[in-house]
Amino acid sequence: NAGCYAAHFTRNGKLLIGCDDGIRIYTDNYNKANRILNLQTVTSIASCFDDRSDIVFIEHTRNERIVRTTPLHYLNSVELFRFNFPGLRATDVAVSSKFAVARGEKSLVVYNYETKLKTQEKLSFQPKVLRFDSEENLLVTSPLGLHKYSLNDTGRLTTVWVCSSKTAAGIAFTRYGNIVVQNTD
């Protein structure tokens, strides 16, 4: 009985659905949630390529977004950082072994796990979907196409390449390492 905004499979096969009232956790039977982690609205869920056992998600409030992490036992969550993002639009988060990156208003908010430093990188476009590839480069879709960035230890972005396209949206990877991008046109 609540709106749902995000779906994520963990490495151990659990299905997590981000909804208006938190995260629904499905294990064996995908017809009924085994557990619900009660929170505010959850609009994005991500976890690493490596074997880290925690997930990162965005909790949506009226004028800001709170990025939290929780171990897979879901007993408690810890706030990593928060940032201003007014309105009702959903945002996105991507994680690597070093960083959590959230989509802001014409910007990316980058959090370094080790230094606990949060930086905000301004962009000339509104980012849409964020994903890290297996080499921990950040891929970002936008109305201009697909952007690939490397990040240094301070979270500073360096453009690797841009693939111009009409309106790039979703990102997926094949098992062979190819990048598949949804084009909304």
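**Notes on a predicted model: strands, loops and a pocket**

1. This model is predicted. Strand β14 covers residues 138–142 and strand β15 covers residues 145–151. The two pair in the antiparallel sense, over five bridges. One place to look is Leu138, which stands opposite Tyr149 in β15.

2. An open sheet of four strands runs in the order β13-β14-β15-β16, and its pairing is antiparallel. At the edges are β13 (130–132) and β16 (157–164), each pairing on one side only. On average, neighbouring strands of this sheet are turned by 25° against each other, direction ignored.

3. Which strands form the other open sheet described here? The order is β1-β2-β3-β4, four strands with antiparallel pairing. β1 (4–9) and β4 (35–38) stand at its edges. Each has a single partner strand, so one side of each is left without a neighbour in the sheet.

4. β1 pairs with strand β2 (residues 15–19) over five bridges, in the antiparallel sense. Cys4 has Cys19 of β2 as its bridge partner.

5. β1 also matters for reading the largest pocket. That pocket holds about 490 Å³ of space. It is lined by 23 residues, and the closest to its centre are His8, Ile45, Ala46, Ser47 and Arg131. Which elements give two or more residues to the lining? They are β1, β5 (41–46), β9 and β13. β1 gives the most, with five residues.

6. Thr41 sits in strand β5. Is Thr41 buried or exposed? Its relative accessibility is 15%, so Thr41 counts as buried; the cut-off for buried is under 20%. A polar atom of the Thr41 side chain lies 3.3 Å from the backbone oxygen of Asp20. Leaving out residues up to four places away in sequence, Thr41 touches Tyr5, Cys19, Asp20, Ile58, Glu59 and His60. Cys19 is also the bridge partner of Cys4.

7. Thr91 lies in the loop between β8 (78–84) and β9 (93–95). Why does Thr91 count as buried? Its relative accessibility is 3%, and buried means under 20%. The side chain of Thr91 has a polar atom 2.4 Å from the backbone oxygen of Arg103. Neighbours within four places in sequence aside, Thr91 is in contact with Thr43, Ser44, Ile58, Arg65, Phe83, Phe85 and Arg103. Ile58 is also among the residues that Thr41 touches.

8. Two lysines deserve a check of backbone angles. Most residues other than glycine have a negative phi. Lys106 is not a glycine, yet has a positive phi of about 50°. Lys106 lies in the loop between β10 (99–104) and β11 (107–112). At 42% relative accessibility, Lys106 counts as partly exposed.

9. Is Lys116 buried or exposed? Lys116 counts as exposed, at 56% relative accessibility.

10. Next, a glycine with a positive phi. Strand β17 (residues 168–173) and strand β18 (residues 179–183) run antiparallel, joined by four bridges. Ile171 has Val181 of β18 as its bridge partner. The hairpin of β17 and β18 has five residues between the strands. In this hairpin, Gly177 takes a positive phi near 90°.

11. Finish at Arg156, in the loop between β15 and β16. Where does the Arg156 side chain make a polar contact? A contact of 3.0 Å joins the side chains of Arg156 and Glu121. With residues up to four places away in sequence set aside, Arg156 touches Glu121, Ser150 and Leu151. Arg156 and Gln120 are 36 residues apart along the chain, and their C-alpha atoms are separated by 8.8 Å.

Definitions and conventions: Residues are numbered from 1 along each chain as its sequence is written. This is a predicted model: local features need pLDDT of at least 70, side-chain atom pairs count only at pLDDT 80 or more; totals for chains, interfaces and linings use all residues. Side-chain values use heavy atoms; hydrogens and water are left out. Two strands pair if DSSP finds at least two bridges between them. Axes are lines fitted to C-alpha atoms, for helices over the stretch in contact, and angles run from 0 to 180 degrees between N-to-C directions. Buried means under 20% relative accessible area, exposed over 50%, partly exposed in between (1.4 Å probe, protein chains only). A polar contact is a pair of N or O atoms within 3.5 Å; within protein, one must be able to donate a hydrogen and the other to accept it, and residues adjacent in sequence count only if both atoms are side-chain atoms. Contact means heavy atoms within 4.5 Å. On a 1 Å grid over the protein atoms alone, a cavity is a set of points where a 1.4 Å probe fits but cannot get out, and a pocket is an open set with protein on both sides within 12 Å along at least five of seven lines; lining residues have an atom within 4 Å of a point. Grid points are joined across faces, edges and corners, and a volume is the space filled by probe spheres set on the points.
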